[in-house]
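Let's walk through this one together, a question at a time. Have a look at the picture first, and then we'll dig in.

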Amino acid sequence: MLETQRPFRNRGFYVRMRFLHSTRYSRNLEKSFCYRFSRWILWFSVSLYFLSSFLVTRNKPTTSVSRTIVSPSKKYHSLIEEPSHNSTVMKISSGFFKGLKVFVYDLPSKYNTDWLSNERCSRHLFASEVAIHRALISGDVRTLDPWEADFFFVPVYVSCNFSTVNGFPAIGHARSLISSAIKHVSSQFPFWNRSLGSDHVFVASHDFGSCFHTLEDVAMADGVPEFLKKSILLQTFGVKYKHPCQQVDNIVIPPYVPPESVRRTLGQSPLTAGRDVFAYFRGKMEVHPKNVSGRFYSKRVRTLIWRKYGNDRRFYLRRHRFTGFQSEILRSKFCLCPLGWAPWSPRLVESVALGCVPVIIADGIRLPFPSAVPWAEISLTVAENDVGNLGRVLEHVAATNLTRIQTKLWEADVRKALLFNDPMLPGDATWHVLVALSERLYRSHKSKQ
C-alpha cells in the first residue's frame, strides 16, 4: 500500500509542475502577442493619417487662396500702426455680434491708401469709407482666414478724388474703380464667384449712395450698377419710399464727422450750458435758386428759409462758411437740418453730437441706426411744404417739451452711436454697422453649409 501511493504522489507532483510551467509559458506568449498587435495598430494608424492627409490635400479645389492665414501687406502700416490706447478697450465680445467674422481684402494701394496723401480724404463728410476700413482692420471681428469669414469687406475709397475747380469730391470714376476692384478680388480669390458678391460689403457714403452720382435725376436714371446688386451697401442715402438708389440690400450709416473735433468743442463748454441761440443754420442758401438739370438745390427749401426767416431775430442764419461753426451749434437750442441735393446732411450728426435739437426738413428720409438712436424722442420733423410755419412749430416745442427732448438728446450713448472712432468703441457707429451685419448672417456662405 505504501509503494502504490508513492507513484501517485510523484505523478501528482509531476503533473502539477507541468501545469505551472505551461501557465508561465502561455502568459509569455500572450504578452508577446499583445506587444506585436499593439505595434501593428500603431503602424496602421500612422499610415492611415498620412494617407488621409495626402488625399485631402490632393482633392482640395485648386484656387489662388490656401487655408493659411493671410497676413496684411506693408501698405497697411499707415492704417494699423501700434495703437496708443489700452488694448482691452478693443476686446469686444464675439457673442454680441453672434460670432460674426469679417475678412478685409488687402487691395492694391491704388484703391484706397494712395488717396490718403490728401489729408481731407480721412476727414470730410464722406470719410466713413476710410473710418470703417480702419476700424475693421483693428477690430475683434476681423479674421485673417478668409475661409472662416461670414462677410468680405472691399475697401475702395471713391470719395477722395477732389475737384481742382471747386474742391468737392468728384465721383465720376467710382463705378469703374469699384468694378476694377471686383475683377481683382474675383481673380485672386474664389469668394466673389462663390456667392456672386452676396456676402461682400461696400461703402457708398456720398449723396445718392450706390447710384454714384450727385444729382438725383442722373442717379435714378443710372441706378445701382449690376455688379453690386447682390452685395451689401453701407450708404448715407436712404428714404422710406421706393427709390432706384436703394434697390440693393443697404444699411443706412451716418455721414462722417471727426470725433476729435466734437470732443474738442465739448471741452470748451458742457452740453448743459446755457444756449442763447433759438434756431440756427449755417450753409448754402441761394437767394435765387439755380436750375441744374431740371432741379433746384434743396428743392428751394433753403431759399424759403432764408426769405422767411433771414430777418427774424429768433433765427441765426448764415450763408457763408466759418471754421468755428461747431461752437455756434453748441450755443443753439434748435438746429435746422434741411435737405441739400440729397435728403441727408452732416448737420444731423453735428447737431446730435453737440446737443442741439435737430429739426429735420427732408421728406421721407431714413435715419441711421433707429434701434440705437431714438430719433422720434430727440428730434423734430417738419415737412418741406410746411417751412412757412417753422417759427410757430419751434415756439410751441420750446414752450412745452424742449426740456424732455434735451434730456434724452444729451445721453452719451445717443451721441456715440453716430460717431466713427478709430479704434472702434462699443456702441459707436462702426459697432452698429457690425450689429446690422450680424442680423444678416443668413447671407453668409457658412450658414448655407
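Two strands pair if DSSP finds at least two bridges between them. Helices (H or I, at least four residues) and strands (E, at least two) are DSSP runs, numbered from the N terminus. This is a predicted model, where local features need pLDDT of at least 70 and side-chain atom pairs count only at pLDDT 80 or more, while totals for chains, interfaces and linings use all residues. Residues are numbered from 1 along each chain as its sequence is written, and side-chain values use heavy atoms, with hydrogens and water left out.

Q: What is the bridge partner of Tyr280 in β10?
A: Strand β6 (residues 277-282) runs parallel to β10, and three bridges join the two. For Tyr280, the partner in β10 is Cys335.

Q: Within what arc do the buried residues of α11 fall?
A: Buried means under 20% relative accessible area, exposed over 50%, and partly exposed in between (1.4 Å probe, protein chains only). In α11, Leu390, Gly391, Leu394 and Val397 are buried. Seen down the axis, they line one face of the helix because their arc (taken from the directions from the helix axis to the C-beta atoms) spans 130 degrees.

Q: Which exposed residues sit on the face of α11 turned away from its buried side?
A: An α-helix has 3.6 residues a turn, so residues three or four places apart point the same way. The face of α11 turned away from the buried side carries Arg392, His396, Ala399 and Thr400.

Q: How are the bonded cysteines paired in sequence order?
A: A disulfide is a pair of cysteine sulfur atoms within 2.5 Å, and the structure holds three. One of them joins Cys121 to Cys160, another is formed by Cys211 and Cys245, and Cys335 and Cys356 form a disulfide too. Numbered along the chain, the pairing is 1-2, 3-4, 5-6.

Q: How many residues apart are Cys211 and Cys245?
A: This link is left-handed, with -110 degrees about the S-S bond. Cys211 lies in the loop between β3 (200-204) and α5 (216-222), and Cys245 in the loop between β4 (232-235) and β5 (249-252). So the pair ties together parts whose separation in sequence is 34 residues.

Q: Is the disulfide of Cys335 and Cys356 right-handed or left-handed?
A: Both cysteines are buried. The torsion about their S-S bond is about 110 degrees, so the disulfide is right-handed.

Q: How many residues apart in sequence are Glu260 and Arg123?
A: A salt bridge is a side-chain nitrogen of Lys or Arg within 4 Å of a carboxyl oxygen of Asp or Glu. Glu260 forms one with Arg123, the closest N and O atoms being 2.8 Å apart. Glu260 is in helix α6 (residues 259-266) and Arg123 in the loop between β1 and α2, so the separation is 137 residues.

Q: Is Asp150 buried or partly exposed?
A: Asp150 forms a salt bridge with Lys446, the closest N and O atoms being 3.5 Å apart. Lys446 is partly exposed, at 33%. Asp150 has a relative accessible area of 5%, so it counts as buried.
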